[in-house]
Amino acid sequence: MAEAAVPDYESAEQYTRAFRVGALGLGWRRQLGPPDLSLAAEEAEDADAAVAAALGCAPGTAAELRAVCSIDMLMPSEKEEDPDVIPEDSSLLTLRIRKKALERREETIIVDRACRQETLTYEMESHATGKRPDNTTDLIEEGELLLTLNIFYPVIFQKHKDHKPYQTVRVLGSQKLTELRDSISCVSDLQIGGEFSSQPDQAPEHISKDHYKSAFFYFEGIFYNDKRYPECRDLSRTIIEWSESHDRGYENLQSVKMEDYVFNDLALKIGFPYLYCHQGDCEHIIIITDIRLIHHDDCLDRNLYPLLVKKHWLCTRKCFVCKMYTARWVTNRDSLAPGDPCFFCDVCFRMLHYDAEGNKLGEFLAYPYVDPGIFN
Amino acid sequence: MSAVPGLKEDCEELLGAFLQADTVRFERFAELWRERRFHTVFYGKMRALQRNKLTEKTLDLAQQYFLPPYSFQIRVGALYLLYGLYNAQLCQPKQKIRIALKDWPEIQKFHLDLLDSQHYDAAYILRRLRLARAFHFTAMPKLLTYRSKKKIEENNFKEEFRDPCNRVNSLITNDVLEELMNIHDHYQKMKCVISADKSQPDKALSLIKDDFVVNLKDITLEHQEWQQNRGKLLQSVKETDETENKKKEETLLKSEGSERASALARIKYRSYSAAVEVSKSRRHRQVQLESSKPGSSCGKSPSRSKKTSREPQSPRRRGEMQVAKETLTRHIGMPIITEEDS
């Protein structure tokens with residue numbers, strides 16, 4: 001598999017060729033000098049002598065340049081303007097269009113305030129900006145790579161037909177794949193298996209995450225299986241056996257251990273869908289949207305990565321009775337319920353289905369329910 | 001990412017004015033910027049999330065003009081534009097300019113060009129942007145999310161901003177010509193050495209046209225001139241009326257071609273598709289010509305193929321432009337080939 005050192009499009013504007021992530025880091029570090037890679041704060045005005053040396057001009061020219069090319073030449077000299085107010089007679093088409101749009105908004109919207117989804121989105125994007133760790137050993141080094149991944153939810157609702165919801169995670173090049181795996185929160189991990197209509201108080205503490213620890217990532221023909229615990233099985237074996245059984249046109253699928261690899265070791269395509277599978281059949285599509293060098297304004301605390309910067313807001317299903325609390329139980333074939341399946345919160349569930357002594361009333365099957373919106 | 005409405009027009013207007021000013025001095029750019037009060041492009045009541053997105057898109061648009069295939073002056077203008085936009089933005093912390101690894105060598109070359117030509121103001125500004133850490137050094141210029149593109153955004157950036165497509169010139173550079181000359185001389189000398197008469201090569205050894213290097217140089221120059229003329233004609237086409245253009249074309253036709261050529265041109269003008277077909281059929285004819293004259297000297301065929309190969313390229317490229325301009329500009333783009341043997 002040809003790995004180009006410099007990533008470029010394989011399919012124009014869609015995805016790139018495969019390349020080794022670590023090679024990108026090397027490529028950039030070779031091209032840039034210390035001031036570009038540095039994570040220190042912005043440098044103040046540099047001396048004329050430094051400018052003259054860098055540009056190969058006379059120091060007098062350097063001083064002239066500083067005056068002529070200063071940003072003040074582009075900014076207004078008069079008193080502070082209010083950036084919220086668009087000037088009346090602007091020559092810019094952008095502003096004229098924007099003004100009309102804003103005027104339309106003012107006429108139609110009664111209360112112009114950020115809804116909670118917007119607040120959440122903004123907060124998630126920006127909460128970690130500029131953070132620094134307390135412990136300097138946790139400080140991220142210069143030249144570290146930052147990958148941005150979109151992990152799609154496996155939840156299939158009709159309304160998500162066109163735009164599948166996803167969460168966006170930022171991860172460092174030097175982090176292990178297992179760290180990403182641990183950070184992915186999926187509702188299927190929290191499922192509790194079993195029917196508990198006869199013993200509602202004994203819903204077990206063990207969730208699926210504890211029972212079924214196997215998982216794998218699939219990147220560019222290699223399955224990275226989680227083998228940290230003895231219970232972990234190689235889920236990818238089935239696939240590899242299937243592909244090897246006949247000549248299906250898939251070359252060389254390999255299976256390796258997830259915990260042995262960091263992101264810098266991987267060969268990836270940007271913009272190309274890959275797979276994360278856990279719980280045996282819960283599959284998430286993963287797309288790497290961006291890889292870049294770490295920057296002074298990013299969060300530099302290693303412990304906060306993988307960092308969740310965006311997640312989709314899923315409306316939780318409420319109890320059918322009180323319509324207030326999130327559903328915790330779901331019943332099937334319930335003679336007491338108006339529909340099949342029917343959702344209840346804990347309190348309403350017990351009040352309806354059990355008498356004062358805790359005896360089961362009527363026939364039904366009850367399962368603990370974990371709503372996908374639980375991560376909101 | 002959907003575009004910011006009106007932004008492309010504003011940027012192109014500013015860069016166009018900078019191009020007209022025919023200078024690369026920052027002072028001139030600053031004047032144009034201040035005239036338009038371009039720093040207000042971020043104004044408008046909006047919340048932080050929207051403002052971040054808007055600024056990101058603005059910088060992304062301006063960054064595209066900074067890279068090839070745009071002409072040197074436009075790239076310098078784009079650099080100034082980026083400087084202005086980066087500093088005028090209202091986001092906190094500032095949105096950065098994305099640079100992909102594949103584009104970095106171009107930028108390095110650009111920087112060296114600036115230093116060589118002593119455009120210190122541009123070099124200083126590039127330096128300032130770097131020191132201000134205005135760049136994100138990325139793998140690819142845009143975020144790639146595998147979105148199936150429902151509408152393919154054709155970035156019809158202005159032709160004027162582009163450098164004229166110098167494929168011929170990039171192939172036949174001065175160095176190449178010089179080397180060819182040297183090899184040619186060396187070859188002649190070798191022939192003399194092995195011939196009976198030391199002062200000139202044997203008649204039996206004359207297998208190539210002696211002056212083919214000179215011919216090559218002349219043809220390349222001619223091509224360059226033709227390109228420049230076409231560029232000028234394109235400019236004047238935009239400014240004058242249609243009727244005037246038709247007249248210009250006719251005069252152009254008459255001056256350049258023989259009768260047969262002008263008849264051909266008239267056919268081409270009448271329908272676009274015919275034009276393409278003609279060129280394709282010409283290409284087939286061209287192949288026949290070469291093969292039908294096996295004994296012809298090698299010097300002749302490269303020049304012929306170079307001349308006629310120009311033709312199929314231009315209609316294809318022109319194909320990207322809008323329909324309104326299509327027939328006109330494509331027609332202007334088509335040089336009338338003066339047949340050498342007819």
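I count a charge as sitting over a ring if NZ of Lys or CZ of Arg is within 6 Å of the ring centre and within 35 degrees of the ring normal. I note that this is a predicted model, where local features need pLDDT of at least 70, side-chain atom pairs count only at pLDDT 80 or more, and totals for chains, interfaces and linings use all residues. Residues are numbered from 1 along each chain as its sequence is written, chains are lettered from A and ligands numbered from 1 in the order written, and side-chain values use heavy atoms without hydrogens or water.

**Charges over rings.** I looked up Lys323(A) and found its charged end over the ring of Phe320(A), 4.5 Å from the centre. I also found Lys269(A) over the face of Phe272(A), 4.5 Å from the ring centre.

**Ring pairs.** I took rings of Phe, Tyr and Trp (its six-membered ring) as paired if their centres lie within 6.5 Å; planes under 30 degrees apart are stacked, over 60 edge-to-face, and the rest tilted. The search of the whole structure gave 30 aromatic pairs over all chains. One of them, Phe216(A) with Phe223(A), is edge-to-face, at 5.2 Å centre to centre and 75° between the planes. Both of these Phe residues are buried (under 20% relative accessible area; exposed is over 50%, partly exposed in between, with a 1.4 Å probe and protein chains only). Tyr65(B) and Tyr70(B) have ring centres 5.4 Å apart and planes at 50°, so I logged the pair as tilted. Tyr65(B) and Tyr70(B) are both buried. Phe272(A) came up again in a cluster linked by ring pairs, whose members include Tyr15(A), Phe217(A) and Tyr276(A).

**Domains.** I read chain B as domain 1 (7-162) and domain 2 (168-238), with bounds from an automatic or database domain assignment. The centres of these two domains, taken over C-alpha atoms, are 41 Å apart.
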